[in-house]
Amino acid sequence: MPDVRHSNALPIAQDALQVVQHSACIGCGACAAAMPELYQIEMNDYGEYQAIGGQQVEPTDTNREAFAQVCPFSGGGPDEDDIGSSLYGDATANEYVGFHRDCYVAWVDKNNYRAAGSSGGMTSWMLAKLLGVGEIDGVIHVKPANSPGERQLFHYAISHTLDEVRAGAKSRYYPVEMSSVLSEVRRSTGRYAFVGVPCFVKAVRRLCLVDPELDARIAYCIAIFCGHLKSRAFAEAIAWELGVEPAELETIDFRHKLYDRPASQYGVKLTSKSGETLEHPMQGLATKNWGLGMFKYLACDLCDDVVGETADISFGDAWLDEYRLDPRGANVVVVRNQRLAELVAQAFQNGEIEGKPLSTKDVYRSQEAGFRHRRPGLAYRLWAREQRGEWSPQKRVQPDAHALPPQRRRIMDVRVQLADRCRAAFVHAKQVGSFQTFLSEIDPLVTAHQRLSRRGLWLRIRRKLSRLAKSFFKSPGDGGGQK
Ligand SMILES: Cc1cc2nc3c(=O)[nH]c(=O)nc-3n(C[C@H](O)[C@H](O)[C@H](O)COP(=O)(O)OP(=O)(O)OC[C@H]3O[C@@H](n4cnc5c(N)ncnc54)[C@H](O)[C@@H]3O)c2cc1C
């Protein structure tokens with residue numbers, strides 16, 4: 001069981017302890033927003049927010065039930081399908097994309113949204129549109145903390161103006177929690193759009209079900225697709241590899257557009273406390289491969305929602321061959337809410353935004369690796385956890401040893417080990433003041449992953465070639481049935 005260290009943790013209630021101790025806490029702050037006397041959120045030594053105990057130790061039965069209902073990884077309460085069908089039950093359902101009315105590939109060249117955004121700028125455009133037409137009074141999203149000397153570079157905050165919304169553009173691959181901002185929202189009078197990765201949106205949906213005051217404030221939920229959430233160590237490791245020590249990192253843009261290469265080969269731009277500015281393609285860095293899951297919250301390995309199925313609209317990267325080559329970037333968009341479907345369709349008609357409708361098959365294709373990791377991959381990981389006697393929350397995917405072929409199972413085992421090893425290796429590297437120590441400690445697992453992946457690729461090519469050969473030599477009368 002991983003050792004989660006907190007500076008001054010109070011004893012934590014048993015139900016949350018189970019989630020935290022079994023690496024299922026994403027540190028979103030839903031429990032602390034619902035029951036601040038019982039739960040608080042604190043950053044651990046690995047640079048991850050986690051739930052800790054509050055002033056009161058023993059939860060009542062009502063509190064226990066409330067925890068199960070709001071925590072997105074408790075395994076209790078409504079799941080993504082339940083929430084989706086209660087909100088958009090009249091829309092079309094899809095196993096991967098969830099309920100949906102329309103899917104698009106889209107971008108917004110006008111007013112600099114695309115240039116200023118991570119992908120096509122659609123998320124900031126949608127938020128600005130909602131503010132402009134008076135559907136909302138503010139946006140709850142993740143922005144630079146902008147307090148000099150602060151270790152925490154980004155946080156959830158509220159934007160009330162168009163300029164503030166636009167200044168919040170870009171993806172933050174960084175730990176955030178929402179308990180403070182939700183308290184602020186509850187005390188306010190307006191209506192807001194909430195932006196989050198899928199588990200945060202699910203948590204907000206669940207909070208709204210038990211908290212009428214919050215429900216009245218949250219007018220729309222907007223999701224950004226998610227591969228996994230990163231700890232603070234991800235930003236620090238990027239900086240350190242470029243020569244800026246972790247404590248010296250001042251600002252970071254994780255999605256700096258490089259106009260001489262494909263959108264998928266974006267760069268990183270950062271500044272140090274001494275005023276130095278550095279730019280570098282992610283390609284050349286040790287942390288570039290998201291498939292390795294470096295600095296991933298371990299809870300992300302228990303998630304089965306890639307696109308944010310409980311959100312009114314979801315935005316991701318158009319990682320499709322037709323669009324990934326364009327360095328300007330493009331979004332995949334999944335619309336579930338009727339009003340938002342109208343606003344998006346109108347904007348296409350009047351030329352505010354560009355793009356075209358997309359099939360759910362193409363949405364799947366744009367996130368193929370993510371879906372493989374979250375569905376058959378999750379089924380295997382759940383089974384492996386069962387074998388190790390670890391608790392796991394109830395998921396929509398069932399534990400299954402055979403969900404993956406043997407080669408993929410070995411890759412998955414290495415990834416699980418690497419995600420864990422990475423955390424301790426980085427803490428150790430900071431203690432001894434050497435980035436090289438971090439690289440050396442993870443090297444055996446990175447090498448094993450590379451070797452297995454190369455072999456896996458070769459096996460996939462061989463299977464494909466053998467299928468092609470079979471269909472080529474198939475006799476006309478064999479009916480094409482399986483032998
Ligand atoms: C941790 C993480 C993992 C991701 N993984 C994938 C993936 O696997 N596949 C994929 O296609 N896309 C993924 N994305 C989404 C992608 O990076 C873009 O954010 C998305 O395509 C929207 O781009 P845009 O140009 O429309 O957004 P922009 O116009 O740049 O606006 C982005 C909006 O999102 C808000 N935001 C940024 N970071 C966060 C955060 N951590 N939590 C809540 N709100 C935030 C910003 O405040 C801003 O309002 C991920 C994003 C994050 C944060």
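The dialogue below takes up a helix pair and then the aromatic rings.

Mentor: Please keep in mind that this is a predicted model.

Trainee: How is the packing of two helices described, and what are the angle and axis distance for α6 and α13?

Mentor: Two packed helices are described by the angle between their axes and the distance between the axes. Here helix α6 (residues 122-132) packs against helix α13 (residues 338-349) at about 105°, and their axes are 12 Å apart. Angles of 65 to 115 degrees count as roughly perpendicular, so α6 is roughly perpendicular to α13.

Trainee: Which residues in α6 and α13 meet?

Mentor: From α6 come Trp125, Met126, Lys129 and Leu130, which meet Leu340, Leu343, Val344 and Ala347 of α13. By class, this contact has 7 nonpolar residues, no polar residues and 1 charged residue.

Trainee: How many aromatic pairs does the count give?

Mentor: The count comes to 21 aromatic pairs. One of them joins phenylalanine 154 and phenylalanine 254, with 6.1 Å centre to centre and 45° between the planes, a tilted pair. Phenylalanine 154 belongs to strand β5 and phenylalanine 254 to strand β8, so the pair ties together parts that are 100 residues apart in sequence.

Trainee: Are phenylalanine 154 and phenylalanine 254 buried or exposed?

Mentor: Phenylalanine 154 is buried, at a relative accessible area of 3%, and phenylalanine 254 is buried as well, at 2%. One aromatic cluster is formed by Phe154, Tyr173, Tyr174, Phe234, Phe254 and Trp290.

Trainee: Where does the charged end of lysine 230 sit?

Mentor: The charged end of lysine 230 sits over the ring of phenylalanine 234, 4.6 Å from its centre. That charged end also sits over the ring of tryptophan 290, 4.3 Å from the ring centre.

Technical notes:
Residues are numbered from 1 along each chain as its sequence is written. This is a predicted model: local features need pLDDT of at least 70, side-chain atom pairs count only at pLDDT 80 or more; totals for chains, interfaces and linings use all residues. Side-chain values use heavy atoms; hydrogens and water are left out. Axes are lines fitted to C-alpha atoms, for helices over the stretch in contact, and angles run from 0 to 180 degrees between N-to-C directions. Helices (H or I, at least four residues) and strands (E, at least two) are DSSP runs, numbered from the N terminus. Angles under 35 degrees count as roughly parallel, over 145 as roughly antiparallel, 65 to 115 as roughly perpendicular and the rest as oblique. Contact means heavy atoms within 4.5 Å. Ala, Val, Leu, Ile, Met, Phe, Trp, Tyr, Cys and Pro count as nonpolar, Asp, Glu, Lys and Arg as charged, and the others, Gly among them, as polar. Rings of Phe, Tyr and Trp (its six-membered ring) pair if their centres lie within 6.5 Å; planes under 30 degrees apart count as stacked, over 60 as edge-to-face and the rest as tilted. Buried means under 20% relative accessible area, exposed over 50%, partly exposed in between (1.4 Å probe, protein chains only). A charge sits over a ring if NZ of Lys or CZ of Arg is within 6 Å of the ring centre and within 35 degrees of the ring normal.
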